[in-house]
Amino acid sequence: MPLLKDGKRVADPWVHVADEVAVPATGAVIVGLKRWRHERASLLKRGDPVGVRLKSMHTASDVADDLDHLGVVALALPVFTDGRAYTNARRLRERHGYRGEIRAIGNVLPDQYLFMLRCGFDAFEVRAGDTEKDWDKAVQAISVFYQPAADGRESALSLRHRTPGA
Amino acid sequence: MYQYDELDQRLVDERVEQFRDQVARRLAGEITEDEFKPLRLMNGLYLQLHAYMLRIGIPYGMLSSVQLRKLAQITRKYDRGYGHFTTRQCLQLNWPKLSETPDILAELAEVQMHAIQTSGNSFRNVTADQYAGAATDEIEDSRIWAEIIRQWSTLHPEFSFLPRKFKIAVTGSPHDRAAVRFHDIGIVIHKAPDGEVGFEILVGGGLGRTPMIGQTIRAFLPKKHLLSYLEALLRIYNLMGRRDNKYKARIKILVFELGIEELQTLVEDEWNRNKDGPLALPQAEIDRITRQFSAPPWQTPASAPNQPVGAVHAFENPAFEDWERVNVAEHKQPGYAIVNLSLKALDRVPGDLTAAEMDAVADLADRFSFGEIRASHEQNLVFAHVRQDDLLPLWRSLGVLGLSTPNLNMISDIICCPGLDYCALASARSIPVAQRISMRFQDIKRQHNIGELRLKISGCVNACGHHHAGHIGILGVDRQGEEFYQITLGGNAGENASIGKIIGPAFASADVVDAVEAIVATYLAIREVGETFLEAYRRVGAAPFKQRLYPEPNHAVA
Amino acid sequence: MTLLVYTANRVSDGVVVFLAEDDGWLEIPRPSGVIRGADMEMRMKAVAEAAEEAAIVVSPYPIEVTDEGGEIRPVSLRERIRAYGPSIHPEFAKQWPIADKGY
């Protein structure tokens, strides 16, 4: 899957390791939650970066105590209508203060980029044909935000009631 | 009423262009119907039996005369010259072309209207009391809070893909005209003993396949915490609401499965972490929005003698007296009254209004009610601020339009979904049943003798016609290709909410009006002095009605 | 024998259409669209699917009809309402005065 970060197609330094496949000796890997829990010590001992994949029924608290060790938390959208990942992303950023990469995987579509970005996602595994142009269009489509969220974009509420001179 | 600022306007304008691009991609064949469907639904565009259907949001039912004229113009230019008011205080166009919907939305944006989230699995149009700002029993204007919720819930980044649709209603009066107990979240404005005004939050009400009455999850919520509390509640629902079965995905099922106490614990925990965060409402914002719902410049002094409604011109004309007694409600300002425009005359489709009528109603609103119109969830219109000495000329003008039938809350004031005449989900027709019942009970004196009787018809189990909440509810079902109608009794939408109970086997289309008549006759035979249909039903239960409807024992209900 | 006609809604305006052999998608079902034989069934199905692929129509499907001297009438109430228009608006009827034929 091509990876979009900051709106650019970038090489993906991470390798997804499926649950039934052996972890390679070296290199940054993203593993499933179950493996992370069972093989945590050996994964950390490798010395290379580790990330964890969460399914949509998992919650942010499933990895809350491990965040210092995780370079990526990848949140799955099995279908784009499964909105649980949005809450998990916000909780990772806002409740748990996670500053690593939050990556959207699965059914990731341009029409949802902006919502994801607002919830704290900053990396997107997109469909083969999706381009940086799609990204720009999607992210620039709306410039007014009623809600404060995880991305620092200023809400309408805040814009309306800025203290003068602040 | 609320006027958009530059930010509100920009968002709606941008959303129109975003949708224009999505429509263009669909028309060019770049995206499939499966990909397009969720996108169009997020903008209120359905594909029904005969055509697309565009559901235009009317936040808390408030319309200006300028907006209503624009709606008239849109129905003429892009549709077939009429629109349909819904139980979510929205307006549906039944014949828009896909290729023209972006232009319709652009025209709507010119008058600060949109169709954002009138469908899809997210927040729907926020509804409120149609008497807000005018009701005698109001603690505080529900529209202020409905508007605050409208903004927070519009294009919410976290909650645009909820397990299922989500409906919120607000009432500022203890007498609930907004059916808040049948909403995913119902908000009741309360005054605490110490004088502080805040909210009771109800959760888990709903109709549909599994009707449930909302339960209190928080008895009192201070005003500034409204959004942080709602966000906490929605967050728990987003994570825990069922996604494996669309019929079990509404929050009412989560409330049922978890229990209200468990849900309350989870929500309070979530809320306590965030309540003083950026969603805490600054007083300046509450004030900004409150100002926009300030009272219109009433022309009678507060000290003016208030003539009890029903006595203003009673001597002149008994028909006027009937109308004034039934369709006019008391106003909190002396010298003013609230007028209901019935969209349920004998020859009408419940809730439909033609373009010419929209223009005429807009003109009357300018003359008689400060240029403002409300749509009620009962599919009628309201002029909220009419001078009592204008009632007679207004009544005459409404009579010319056929909008003065004195049947508010009577048996012919039927809530009715579009049914199989329009709807792709329907099992049976509902509008012709409503019309036949109106015809049977067309004698208005007879209706007044029967008194308050809320009859509600849905064409399928999704219950858009609120049949569970009808004193008499009628549900259309398909029996091997034939239209049948199941009757429920004893439902009620107000503060004493109840869910109607099925009275027995369904009736064939040809028999359903007779069945309604038999129910009414039973009531008239058993009622005590001054007892409404609902009170009588609650006193005696279903037995006498069953007996009358299904006299032979072998037809008795299991 | 069960007679079938393909129907769908047109993408551009949502209008109900019926597939007719050689004539494409028409607002009124025609005898030439009535499927006769397995060959024709395959052919019409392919045409319908291609039209969906090309974003001309949405979700085509076959419906049961009767042929009354060249007048093609859907069998189910739902499909009759789709074909003729809302029963409460006879003035919108596309085919013949509903009062004459009923639903």
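Predicted model: local features only at pLDDT ≥ 70, side-chain atom pairs only at ≥ 80, totals over all residues.

**Entry 1: who touches whom**

I began with the chain pairs: 2 of them are in contact, and chains A and B share the most contacts.

**Entry 2: chain B against chain A**

How many residues does each chain bring to this contact? I noted 43 residues of chain B and 31 residues of chain A. I then looked up the area, and about 3400 Å² is buried between chain B and chain A, with carbon and sulfur atoms accounting for 59% of it. On the chain B side, the residues that lose the most area to chain A are Pro157(B), Phe161(B) and Leu239(B), and together they make up 23% of what that side buries.

Next I turned to the charges. The rule finds 11 salt bridges across the interface of chain B and chain A. One pair I wrote down is Asp111(A) with Arg25(B), whose side chains meet in a salt bridge at 3.2 Å, N to O.

Which elements of chain B give two or more residues to the side that touches chain A? My list reads helix 1, helix 2 (33-41), helix 5 (142-153), helix 6 (226-240), helix 8 (260-274) and helix 9 (283-292) of chain B. Helix 1 of chain B gives the largest share, 10 residues. By residue type, I get 18 nonpolar, 8 polar and 17 charged on the side of chain B that touches chain A.

**Entry 3: a look at helix 1 of chain B**

That share made me curious about the helix itself. At its N-terminal end I found a cap: a side-chain oxygen of Asp5(B) lies 3.0 Å from the backbone nitrogen of Leu7(B). Just after the helix, Gly29(B) takes a positive phi of about 75°.

**Entry 4: chain B against chain C**

Here I counted 29 residues from chain B and 21 residues from chain C in the contact. The buried area is about 1900 Å², and carbon and sulfur atoms give 63% of that. Arg78(C), Ile88(C) and Phe92(C) supply 26% of the area that chain C buries against chain B, more than any other three residues.

How many salt bridges does the rule find between chain C and chain B? My entry is 0. Polar contacts are present, with 8 residue pairs, both residues at pLDDT 80 or more. Strand 1 (3-10), strand 4 (57-68) and helix 2 (77-84) of chain C each give two or more residues to the side that touches chain B, and helix 2 of chain C has the largest share, 4 residues. I sorted that side of chain C into 11 nonpolar, 6 polar and 4 charged.

**Entry 5: chain C on its own**

I noted 3 helices and 5 strands, and along the sequence the pattern runs β-β-β-α-β-β-α-α. The C-alpha atoms fill a box of roughly 35 × 35 × 20 Å along the principal axes. With 103 residues, a compact globule would have a radius of gyration near 13 Å, and chain C has 13 Å, so the two agree.

Notes:
Residues numbered from 1 in each chain as written. Chains lettered and ligands numbered in written order. Heavy atoms only, no water. Contact = heavy atoms within 4.5 Å. Buried area = accessible area lost by both parts, 1.4 Å probe. Salt bridge = Lys/Arg side-chain N within 4 Å of Asp/Glu carboxyl O. Polar contact = N/O pair within 3.5 Å; in protein donor to acceptor, adjacent residues only side chain to side chain. Nonpolar A, V, L, I, M, F, W, Y, C, P; charged D, E, K, R; others polar. Rg over C-alpha atoms; globule rule 2.2 N^0.38 Å.
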